[in-house]
Amino acid sequence: MDNLADIKGAVKHLAIIMDGNGRWAKLKGLKRTEGHKEGAKTVRKIIDLSGKYGIKYLTLYAFSTENWRRPSSEITVLMSLLKEFLELNRRTLIEKDVKLKVIGKKEDIPAVTRTVLQSVINETKNNKSGQLILALCYGGREEITHAVREVAEDVKNGKIKTKNIDEKLFSSYLYTSEIPDPDLMIRTSGEFRISNFLLWQLSYSEFWITDTLWPDFDESDLVEALKSFKNRKRRYGGV
Ligand code: IPE
Ligand code: IPE
Ligand code: MG
């Protein structure tokens, strides 16, 4: 493996579209839900690796506002896997000093799962070494329209003035307020689209797309992505 010091800390915020669980299962002649179970194991590994590579913020796209279009049986399995994941990993998050945050339309998360989420959020709220941000029932357009509604309310009740609405103020109304924009966005399974993920926040993020399916994503893929990021020239519109 290449020199860890070369890439450690280069990416402060990594966002991942964890895609390809269904195809992974299909290739093995298994049910789609088996792919989701295997994908949950990859999540665990990536949380560990984030510490090793100095990634402070890890945002994982776990369920989109469009994923409600899936069969209810698959949705049920996804939500219960999430609950199981939290129960299995709450100790790890506490030990590793990682704070859990959820972005998305929280009220749509089934109550049993939401209760566990809320308790892990409370247990980890003072943790400082890293942040795990789960995008759940998340859609970039939903996030932006939700923020617009809140801004409109605050204008109406006199808390803010229309003329003071700028990018910084608007960002503070998004689910990601207080979180820096992602430096790098990884998508697995070879799709070249963002599928309604972090539409506002990804405006100047670097993208890295791999054919690897999420359950197969491992340290070597992550290192390749981080190395690629290190060699990017981020110009932000300048020369
Ligand atoms: C990603 O894998 C997990 C979620 C979207 C919840 P998919 O379930 O989308 O897997 P593919 O894309 O069908 O292979
Ligand atoms: C994006 O994957 C959403 C998540 C990974 C949670 P999808 O599999 O839902 O995206 P599309 O449908 O291929 O765009
Ligand atoms: Mg998919």
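The shell around ligand 1 comprises three nonpolar, five polar and four charged residues, where Ala, Val, Leu, Ile, Met, Phe, Trp, Tyr, Cys and Pro count as nonpolar, Asp, Glu, Lys and Arg as charged, and the others, Gly among them, as polar. The structure is a predicted model, in which local features need pLDDT of at least 70 and side-chain atom pairs count only at pLDDT 80 or more, while totals for chains, interfaces and linings use all residues. Residues are numbered from 1 along each chain as its sequence is written, chains are lettered from A and ligands numbered from 1 in the order in which they are written, and side-chain values use heavy atoms, with hydrogens and water left out.

The residues that surround ligand 1 are Met18, Asp19, Gly20, Asn21, Gly22, Arg23, Arg32, His36, Ala62, Asn67, Arg70 and Leu78; a residue is near a molecule if one of its heavy atoms lies within 4 Å of it. Helix H2 (21–27) and helix H3 (32–52) each supply at least two residues of this shell, and H2 gives the most, with three. Helices (H or I, at least four residues) and strands (E, at least two) are DSSP runs, numbered from the N terminus.

An oxygen atom of ligand 1 is 2.8 Å from an N or O atom in the side chain of Asp19, and one is 2.7 Å from an N or O atom in the side chain of Arg70. At Gly22, a polar backbone atom is 2.9 Å from an oxygen atom of the ligand. The protein covers 87% of the 380 Å² of accessible area that ligand 1 has on its own, as given by the Shrake-Rupley method with a 1.4 Å probe.

Attention now turns to ligand 2.

A polar side-chain atom of Asp19 lies 3.2 Å from an oxygen atom of ligand 2, while the corresponding distance is 2.9 Å for Asn67 and 2.8 Å for Arg193. Of the 390 Å² of accessible area that ligand 2 has on its own, the protein covers 79%.

Notes:
Polar contact = N/O pair within 3.5 Å; in protein donor to acceptor, adjacent residues only side chain to side chain.
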